[in-house]
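Subject: Handover of a protein structure

Dear colleague,

Please find below the structure that I am passing on to you.

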Amino acid sequence: MRIMGLDFGSKTVGVAVSDSLLITAQGVEIIRREREDKLRRTLARIEELILEYEAEEIVLGLPKNMNATAGVRAELTEEFREKLERRTGLPVVMWDERLTTVAADKAMIEAGIRREKRKDYVDKIAAVLILQGYLDYRGMERASGQSDGSDGTEEP
């Protein structure tokens, strides 16, 4: 089993997948689209990647405001979640993604990636950070033998 992580943006979707042991996340690609409201090709590509990597669950970054409220971007992400679930039939877990883009940018700075090249990688790295956070949480939950009993919205 593998889990797919997605960072949904206005014109891109960063994609990451877990290893089969559900320990590490690896970046796969960035799906780009011309317009925010054009999702058919994006959803089709995600389906292809689900089959290729044999993913059985999706973790979708939920862009909350810093005060934990949901803004317009979070509402659009919820709509995308519903489309993903309908189209793929897979469970989609929403995961708090606050500061993942900042962390991705910081990691690229530390790696010496030039400013003009960072935008080419930031969404994929953000997807890795979202998925890795979720995998780490699952690992800690399993190690402690506890389940949070939540409604599917996970938070660290």
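The notes below describe what was found, topic by topic.

Confidence

Please bear in mind that this is a predicted model. The mean pLDDT of the protein chain is 86, and 90% of the residues score at least 70. Strand S1 (residues 2-8) has the highest confidence, at a mean of 97, whereas strand S6 (residues 153-154) has the lowest, at 50. Over residues 148-152 the pLDDT stays under 50, and the model has five contacts beyond four places in sequence for this stretch. Where pLDDT is low, the predicted coordinates should not be read in detail.

Strands

Strand S1 has two pairing partners to look at, S2 and S4. With S2, the pairing is antiparallel and runs over five bridges; here Phe8 stands opposite Val13 in S2. Three residues lie between S1 and S2, and the two strands form a hairpin. With S4, S1 runs parallel, and five bridges join the two; in this pairing Ile3 faces Glu57 of S4. S1 is also mostly covered, as six of its seven residues are buried.

A further hairpin is made by S2 and S3, with six residues between them. In its turn, Leu22 has a positive phi of about 60°. Strands S2 (residues 12-18) and S3 (residues 25-32) run antiparallel and are joined by seven bridges. Within this pairing, Val17 of S2 has Gln26 of S3 as its bridge partner.

Nonpolar cores

Which residues of the largest nonpolar core touch the most other members? They are Met4, Leu6, Ile46, Phe80 and Leu84, out of 23 residues in that core. Two or more residues of this core come from each of S1, S2, S3, helix H1 (40-53), strand S4 (55-62), helix H2 (72-88) and strand S5 (92-96).

The largest pocket

The largest pocket has a volume of about 250 Å³. Its lining consists of Ile31, Arg32, Arg33, Glu34, Arg35, Lys38, Leu39, Arg40, Arg41 and Thr42. S3 and H1 are the elements that give two or more residues to this lining, and H1 provides the largest share, three residues.

Is Met108 buried or exposed? Met108, which is found in helix H3 (residues 100-110), has a relative accessibility of 1% and so counts as buried, the cut-off being under 20%. Leaving aside neighbours within four places in sequence, Met108 is in contact with Ile113, Arg118, Tyr121, Val122 and Ile125. Met108 and Asp123 are 15 residues apart along the chain, and their C-alpha atoms are separated by 12 Å.

Yours sincerely,

A colleague

How values were computed. Residues are numbered from 1 along each chain as its sequence is written. This is a predicted model: local features need pLDDT of at least 70, side-chain atom pairs count only at pLDDT 80 or more; totals for chains, interfaces and linings use all residues. Side-chain values use heavy atoms; hydrogens and water are left out. Two strands pair if DSSP finds at least two bridges between them. Helices (H or I, at least four residues) and strands (E, at least two) are DSSP runs, numbered from the N terminus. pLDDT is the predictor's confidence in each residue, from 0 to 100. Contact means heavy atoms within 4.5 Å. A nonpolar core is a set of buried Ala, Val, Leu, Ile, Met, Phe, Trp, Tyr and Cys residues joined through side-chain atoms within 4.5 Å. Buried means under 20% relative accessible area, exposed over 50%, partly exposed in between (1.4 Å probe, protein chains only). On a 1 Å grid over the protein atoms alone, a cavity is a set of points where a 1.4 Å probe fits but cannot get out, and a pocket is an open set with protein on both sides within 12 Å along at least five of seven lines; lining residues have an atom within 4 Å of a point. Grid points are joined across faces, edges and corners, and a volume is the space filled by probe spheres set on the points.
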